[in-house]
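Please keep the viewer open as you read.

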Amino acid sequence: MSVVFVPKRQRGKEQINQETIQRLLDENDQLVRCITEYLQKGRATECVQYQQILHRNIVYLGTIADASTEILPETQTSDHTNRIG
């Protein structure tokens, strides 16, 4: 079972940190390998459940990335814009 989709009673108890993100990336790597193996064997039907988990993981990682960019302070895009004139 994906580390992201835990039972409701346990949700929110794990902090999102680099270790959690790395576990998801490792899990995604394994899912891609498994999906590839099944496809090479002509067993595309078995891939569906793994593709769904992979999709949820990717969406979750994207959500984390979007949330983290909102937290970061704004930075100047270029020194040239401040020195023109």
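Which element of the protein has the lowest mean pLDDT, and which the highest? Helix α3, residues 80–83, has the lowest mean pLDDT among the elements, at 54, while α1 has the highest, at 95. Averaged over the protein, the pLDDT is 79, and 65% of the residues score at least 70. Where pLDDT is low, the predicted coordinates should not be read in detail.

Helix α1 covers residues 18–40, and Asn28 is one of the residues in it. Is Asn28 buried or exposed? Its relative accessible area is 8%, and since buried means under 20%, Asn28 counts as buried. Once neighbours within four places in sequence are set aside, Asn28 is in contact with Leu54, Asn57, Ile58 and Leu61.

Leu54 sits in helix α2, which runs over residues 44–71. Leu54 is buried too, because its relative accessibility of 14% is under the 20% limit. Leaving out residues up to four places away in sequence, Leu54 touches Asn28, Leu31, Val32 and Ile35.

Now for the charged side chains. How many salt bridges does a search of the whole structure find? There are three. One joins Asp29 to Arg33, with 3.0 Å between the closest N and O atoms. Both of these residues belong to helix α1 and are four residues apart, about one turn of the helix. Asp29 has a relative accessible area of 34% and is therefore partly exposed, whereas Arg33, at 53%, is exposed.

Another salt bridge brings together the side chains of Lys41 and Glu37, at 3.2 Å from N to O. Lys41 is exposed, with 53% relative accessibility, and Glu37 is partly exposed, with a relative accessible area of 44%. A further salt bridge pairs Glu46 with Arg43, where the N to O distance is 3.4 Å. Here Glu46 is partly exposed at 32% relative accessibility, and Arg43 is partly exposed at 35%.

Finally, let's look at the cysteines. A disulfide is a covalent bond between the sulfur atoms of two cysteines. How many disulfides does a search of the whole structure find? The count is zero. Cys34 is in no disulfide, and its nearest cysteine sulfur is that of Cys47, 7.2 Å away. Cys47 likewise is in no disulfide, with the sulfur of Cys34 as its nearest, at 7.2 Å.

Definitions and conventions: Residues numbered from 1 in each chain as written. Predicted model: local features only at pLDDT ≥ 70, side-chain atom pairs only at ≥ 80, totals over all residues. Heavy atoms only, no water. Helix = DSSP H or I, 4+ residues; strand = E, 2+ residues; numbered from the N terminus. Buried < 20%, exposed > 50% of the residue type's maximum accessible area, 1.4 Å probe, protein only. Contact = heavy atoms within 4.5 Å. pLDDT = per-residue confidence, 0-100. Salt bridge = Lys/Arg side-chain N within 4 Å of Asp/Glu carboxyl O. Disulfide = S-S within 2.5 Å.
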